[in-house]
Amino acid sequence: MIGRWRPLPLFRLYRPALVAASLGVLFSVVGAAAVARWEDRVNRVEFESTAETEAIVMQNGMNEYISRLVALRTLFESTNEDVTRSEFETFAGRLFERHPGMLRVAWLPRVNRKERAEYEAAAAADGVSGYRIKSLQGDGFATAPQEDEYFPVFYSTQPKTSPVYGMDYATIPDRYAAIERARDGDRIAALRTRLYEPREGDQLPNVLVVVPVYAKGTSRDTVADRRRNQAGVIVAAFDLPLLLRAIRTTTAASPAISVNVYPPFTGQIVSLEQSLPDFSSSATAPQSMADVSKGVHWSGNLRIGDTDWQVRALPTAGGPLETAYDRALTVLVVGMLLTMSLASYLVLASRNSRRLSLANRRVLELAQTDILTGLPNRAFFLARLDEINRQMREDGLTFSILMLDLDRFKNVNDSLGHGAGDLLLRQVAQRLKSALRQSDVLARLGGDEFAIIQEGCDDQRVCSAELAGRIAKLVTEPFLLPGHRVEIGTSIGIAIAPEHGSNQEQLLRKADLALYRSKAAGRNCFTIYDEAMSAELEARNMLEGDLRDAIARCQFELHYQPFVDVASGQRCGFEALVRWRHPTRGLIPPDQFIPLAEETGLIVALGEWVLRRACEDAASWPSDARVAVNLSPVQFKEAELFDVICAALGDSGLPPERLEIEITESVLLERGIENHAFMERLKSIGIELALDDFGTGYSSLSYLTAFPFDKIKIDKSFISNLSHRPHSSAIISSIVTLARGLDMSVTAEGVETSEQFERLKGLGVNFAQGYLLGRPQPIERIAPEPPVAGSRLDAA
């Protein structure tokens, strides 16, 4: 038996190696096949992702052009007067400056039979020689016959010598159909057509975009309203290939894919499969849709107005997204050479990969969760919003965004502490969750801000309003905190997609605008966005910019209104009132810019200028004349305010006893201890303090006893009612009696008649101020004190 070959022990001896070799070969082949499939899948996913991104970029670029046309429509719908040709050319030129692909923009008014001669004469007067309303007949024009209405080219970015002026779109069937679609649907319509004046080298049809314009202030709720109130249309002609090429160049489009954009399906295009693209990013890529469909490709739409162009993307030949299976070949070669090492590596790599995946998933969950409330946070909300946006574009779904901001939450934090505020936020989160469906998304964005995504409703506007109403009612119910019963509210802003936008930035911005409107409307309510809010924001931003320039350039001036001693009729001093001398709008009263200055913090610099200027002017007055200056509640929050007042007195040389500071009751509601200490410091140097607009705010007798006021100023609303409301006399009499008991004087504002003056004198008011006694005037127009004030008052 010694000399015999025994295969069984040899097999047992080399069994691990044989098994490893067999498994290695098997794993190498299977691994190579799996990697090949993985390569194919990864390349496909990456290709589709890149194609979707390119399509979104092209769509966003197209939306940017369309939004500029909507802005041009706003010009026509927001003005009370007719837009001039110069205004149109300037506005349109600025809108589309450095925007290639826009061939021309035109304004087509809706002209009836009676207005035809008037419009033709107006165009000729504007420099369009020989202007007439004409119809397109063959390759030329002829004077349009008498019709009930026309849509002629009236304004255009074309040179005034262009024959396109006067061309009546109502006589061109496909263009008139686009105008009707845009008008009846209150939407933007698009049409693939050839222009009357094609540019040299143009081979493909261009895109005509129609934007309906309605008369300002008219209804457009129904089709009948829109047909009746249409003022005209804005028409823009796009060079689609040039426009898309510019968008892709500007956004650094990926060279790994080529994109073809095919025309929309119409009755003239019988077979899309054989159609050639209106735009192709690569001259070497397959052109017809049938050729593209034979290989790997991605399909989508490019929406222009109400029309969809067909988008087909495919990997660039020889590009990084074309599957070459080189990794699979490498795996196979390496696997055959190092089978055992590869098997060990795969086991360890799989184990480590699993652990890493679980760890990453946990980190992602923590990164997208608000620790305080357990709700999703801003990052999750934005990611989910992007996902729903994509679903909306693919499936035509609608959804709403509700932005919530808690009212009076800061008062809870300030009075009860941040621990109570955190507990309140957790309770609010639970109530909000109870009002939502399982499919709705609730997130805490930060602080006391929450946001909701609501989708899947038959009528999104109605569902959003109902949900907002439920939430507002839930939040107003009292919250029970340890030892306290707290009542708050919530302001809600709503934006609806796609009605108010189709991307994240638009929807969030418009929901915020609606939220801002809810806060301005008195809080604890909800508002659905409308286009007027954007116009208001633009006007407010413009006014804010002008206000900043005005402060930098010192475009303000002080007017002074006298106040007199009621008993003697002698003038005692003046109240300083700021006016804004705008370079184009003229003199602007304070009620139009002071609230904006307070909201933006510009009131601090403006208030310091008013204080210094008033002290400088008053220093030149007689020694017994005082000057009264109003301080904004925002100024009271500045730590340097006392130093600013002292510096103004010191630099001007005005004695502190001649300065009177007027304070509104809203100052007393916040930082009571700090404000009381500040007012005591002012009193210590001799400055007099007056409680302004008494009776219109949060009037409380505790303010009069707790704060060191010298004077009470009765609001003019009580004075204007003296003649026809006996209760006003009783109120003023009570205020005078109260002031005497507290050793304070009383000033009546808004005195405009002798009858009011005599009644106030009989009621014991100390001082009076109003148009009867003198209007606010610049310092150079203040007349000297008349020698006999009583006679003047009697004569008045």
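# A tour of the predicted model

Start at Glu120, which is buried, with a relative accessible area of 18%. Buried means under 20% relative accessible area, exposed over 50% and partly exposed in between, using a 1.4 Å probe and protein chains only. This is a predicted model, where local features need pLDDT of at least 70 and side-chain atom pairs count only at pLDDT 80 or more, while totals for chains, interfaces and linings use all residues. Residues are numbered from 1 along each chain as its sequence is written, and side-chain values use heavy atoms, with hydrogens and water left out.

**Helix H3**

Glu120 forms a salt bridge with Arg116, with the closest N and O atoms 3.3 Å apart. A salt bridge is a side-chain nitrogen of Lys or Arg within 4 Å of a carboxyl oxygen of Asp or Glu. Arg116 is buried too, at 7% relative accessible area. Both residues lie in helix H3, four residues apart, about one turn of the helix. Helices (H or I, at least four residues) and strands (E, at least two) are DSSP runs, numbered from the N terminus.

Now pick Glu118, found in H3 as well (residues 116–125). Is Glu118 buried or exposed? Glu118 counts as exposed, at 57% relative accessibility. Select Glu81, Asp82 and Glu87 with Glu118: together they form a negative surface patch. Such patches are made of residues with over 30% relative accessible area and no salt bridge, with like charges joined within 9 Å.

The structure holds 35 salt bridges. Select Lys519 and Asp405, whose side chains meet in one (3.5 Å, N to O). Lys519 lies in helix H14 (residues 504–520) and Asp405 in strand E14 (residues 399–407), so the pair ties together parts that are 114 residues apart in sequence. Lys519 is partly exposed at 28%, whereas Asp405 is buried at 9%.

Go next to Arg612 and Glu608. Their side chains meet in a salt bridge (3.5 Å, N to O). The two are four residues apart in helix H17 (residues 603–618), about one helical turn. Arg612 is partly exposed at 25% relative accessibility, and Glu608 is partly exposed at 31%.

Then show Glu180, Arg183, Asp184 and Arg227: a network of salt bridges links them.

**Strands**

Select strand E28 (residues 745–748). Which residues cover its faces? Ser745 and Thr747 on one side, and Val746 and Ala748 on the other, are all buried. Strand E27 (residues 711–714) pairs with E28 in the parallel sense over four bridges. Two strands pair if DSSP finds at least two bridges between them. Lys713 has Thr747 in E28 as its bridge partner. E28 also pairs with strand E29 (residues 767–769), again parallel, over two bridges. There Ala748 stands opposite Ala768.

Move to strand E25 (residues 659–663), where five of five residues are buried. Leu659, Ile661 and Ile663 lie on one side, Glu660 and Glu662 on the other. Strand E24 (residues 626–630) pairs with E25 in the parallel sense over four bridges. Asn630 stands opposite Glu662.

Now colour the open sheet of five strands, in the order E6-E1-E9-E8-E7, with antiparallel pairing. Its edge strands are E6 (155–156) and E7 (189–193), each pairing on one side only. Find Trp107: its bridge partner in E6 is Tyr155.

**Last stop**

End at helix H6 (residues 240–250). Its buried residues include Leu240, Leu243 and Leu244. Ala252 follows H6, with a positive phi near 55 degrees.

Conventions. Patches are made of residues with over 30% relative accessible area and no salt bridge: like charges are joined within 9 Å, nonpolar side chains (Val, Leu, Ile, Met, Phe, Trp, Tyr) within 5 Å. Accessible areas come from the Shrake-Rupley method with a 1.4 Å probe; for residues, only the protein chains shown count as cover. Lys and Arg count as positive and Asp and Glu as negative; His and the chain ends are not counted. The place of a charge is taken as NZ of Lys, CZ of Arg, CG of Asp or CD of Glu.
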